[in-house]
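Dear colleague,

Please find the structure below, followed by a short account of what was found in it.

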Amino acid sequence: MTVVERPKLAHVGRSVPRRDAEEKLRGAAEFVGDIVVPRMLHGKVLRSPFAHAKVLSVDTSEAESLPGVVCVLTGADLSDLDPYWGHAIKDRPIVALERVRFAGEPVAAVAAEDEATAAAAVNAIRVEYEELPVAGTIDEALAADAPLVHEGELRPGLFHGLGELPPRDGNVCYRYRIDRGELQAVFARADLVVEGEYTFPAVYQYAMETHTVVAQVERDEITVWSTCQHPFLVRAELADLFAVPLASVRIVVPYLGGGFGSKSYTKMEPLTVALARKAGRPVRIQNRVDESMVTTRRHGMRCRMRTASTGDGRLLGREVDCWFDTGGYADNGPRVTATGGDAAPGPYRWHAYRVDARCVYTNTAPSGSYRAFGAAHLQWIGESQIDELARRAGLDPLIVRRENLCRPGDELRSGAKALDADLVGDVEKVADAVGWGEPKPPNVGRGVSVGLLAAGAHPVSTAIVRLEADGQVVVLVGTTEVGQGPRTAFAQIAAEELGVAVERVVVRGTDTRFTPYDRSTGASRSTTIAGLAVQRAARHVREQLEEIAAGEKVDPAAYPDLLRRHFGLAGGELIGRGEVAPTGSGSYAEGPVFWEVCVGAAEVEVEPETGVVRVRRTATAADVGRAINPQLVRCQDEGATMQGLGNALFEELIFEDGQLQNDTLLDYRVPSFEDLPDEMTCVIVENEDGPGPFGAKGCGEGALAAVPAAVVNALADAGVPMQELPLTPERVWRRIRTLKEEGRWPP
């Protein structure tokens, strides 16, 4: 037996304090809402009250006459532009042109000297509409006589990234299909088949900070301070939209007050820039919560699934049809649909499967990214069918998974990266953490879930590390600090490579004029990809130091002396550059960069008289390769667990005829301290098998997909199988009544 010694590291693997903790605790951290630019105006947006209507006329005369109003922007001001944008499909105008496609769509915007005047001017705008038939649900949008949300050919956006865009099919704007094996033959020899129809709700990616943008336009120079997760993608889209060179667009991103995907890609930036362009002065637009709720949300979904196995628990085949509600505009819908399609089979050794996933336009608010998209949509459905097959076969669900899960190196999708995780080991660890084999009290159930998320997005990142004359290290990298802690992790990586104290490393925020390119912040990619770029840049600096030392031992305390020797004065600097680029084309088909593990377990208790479900214990597996900062890893999983509980138990955006009914935080509830489980465990798994620095791979999303699935399975284990989320007391209570009438309750 060979024992491989794990190298001892000075900084990586330690829970060093967050680099941003002090200024955030003191209230000194700057957010976009804190930024005031000289001569800045305040913008307000007039939004459509109708889900689908023609815009017959827009009268701005009264609004423009109000003292303090500088300008009013309407579609008539965009005639010199191609005013459509969208990173996946270019289908969305800066403001509505001729037609509105969802309630809340911007129709006009006002720039005024103060917020009160801007709000008054918005109320003074008169718009004449002609209402049109509404396709407010997936079923209504797919009906033979459905009104078309969009007409004409689809145009791919700058970052479509999913191959050739197929023609629009009615209200279906994108379709993703995968298959393997002879499905009919496999189902024909099955002993057990579970099938059902499932409903997954739209939810809001609630973050404490709403979307806020400050824009300044001076001739062809555009400067934007924005709450965006992907500053370089926003820069590209604005340059394309306003027909200026990339270098003429500058995006500055300070701290973000949360994102969870709601600030991915482009959101309020085009409208704010267009308003500033007309005003000739800087403008700030800051959404209210209800406005952010109709700016982006998570896709609702309808799914039909069936799964087959033998009587002794060998999984055979799976067939999945699913429809994702992308709202009035595509936003990130095509990628969500493709990722959901990949997640649908689950990481099992199937003989055959077929998945057909469709992205559907409806007359509701646009849907975008949300933490663990795709996996969160499908994992709870597939895993509930695995558990049901186990019950019918009289087998332990954990044993069924142990016998059928893919192993490291197995192919998961034709042409894609092989499995790079030990799923069996992960699920056994979380099952142990919730007491899998212990006796259960009445009305208590336990469940596990296993899934994978295609992570990493397009693997393009560049970093610069500067060693100053005094030995201080400065890291420039385009990753956005959304609260997840990359500035701390990057400081640890650079400190490890250069042998300096973490406190000697400063990681700057993103400013696209000075910060090197980073594709985006999302898809659990930052530590893995941008972190690898930081490691390579720091290593480049170290190589220069070794060259200057000319064979002498390089002591970090002597860095200033080495620079003085090299430059001949107490000045100068060494600059290291690190780059990560795809080995192939970087396309989605060749990905992912790594498979993020979505493994969790839960123990729940249900009150039959009320339908209330209380989560007693949860456990998640953070299979991270190597934990750069274990405390940050645990915090990521804890946050994702809480969001998963909200998704499982009560979060849901309710639309009626395209109108959002619960657009306040009084009517839309997010998890609070009272929703915490009695025990919450994060199992950190370190196999050093990741493609990132020191064998790391990303985390933070998997728990959000794993926890709802584990809760659903735990509730079914307690005797209440469900096919619709969230698991509200009313739904659970009604299900128990139905089970009583069928003679299946108590179990």
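**Nonpolar cores**

In this predicted model, the largest nonpolar core has 89 residues, and those with the most contacts inside it are Leu423, Val711, Leu715, Leu727 and Val732. A nonpolar core is a set of buried Ala, Val, Leu, Ile, Met, Phe, Trp, Tyr and Cys residues joined through side-chain atoms within 4.5 Å; buried means under 20% relative accessible area (1.4 Å probe, protein chains only). Leaving aside residues up to four places away in sequence, Val732 touches Val606, Gly611, Val613, Leu715, Val720, Met722 and Leu727, where contact means heavy atoms within 4.5 Å. A second, separate core of 40 residues includes Leu498, Val505, Val580 and Phe694.

**Thr74**

Thr74 is found in the loop between strand E3 (69-73) and strand E4 (84-85); strands are DSSP runs of at least two residues, numbered from the N terminus. Thr74 counts as buried because its relative accessibility is 12%. Not counting residues up to four places away in sequence, its contacts are Val58, Thr60, Val95, Val107 and Ala108. The C-alpha atoms of Thr74 and Val424 are separated by 57 Å, and these residues are 350 residues apart along the chain.

**Conventions**

Residues are numbered from 1 along each chain as its sequence is written, and side-chain values use heavy atoms, with hydrogens and water left out. Local features need pLDDT of at least 70 and side-chain atom pairs count only at pLDDT 80 or more, while totals for chains, interfaces and linings use all residues.

Notes. Helix = DSSP H or I, 4+ residues; strand = E, 2+ residues; numbered from the N terminus. Buried < 20%, exposed > 50% of the residue type's maximum accessible area, 1.4 Å probe, protein only.
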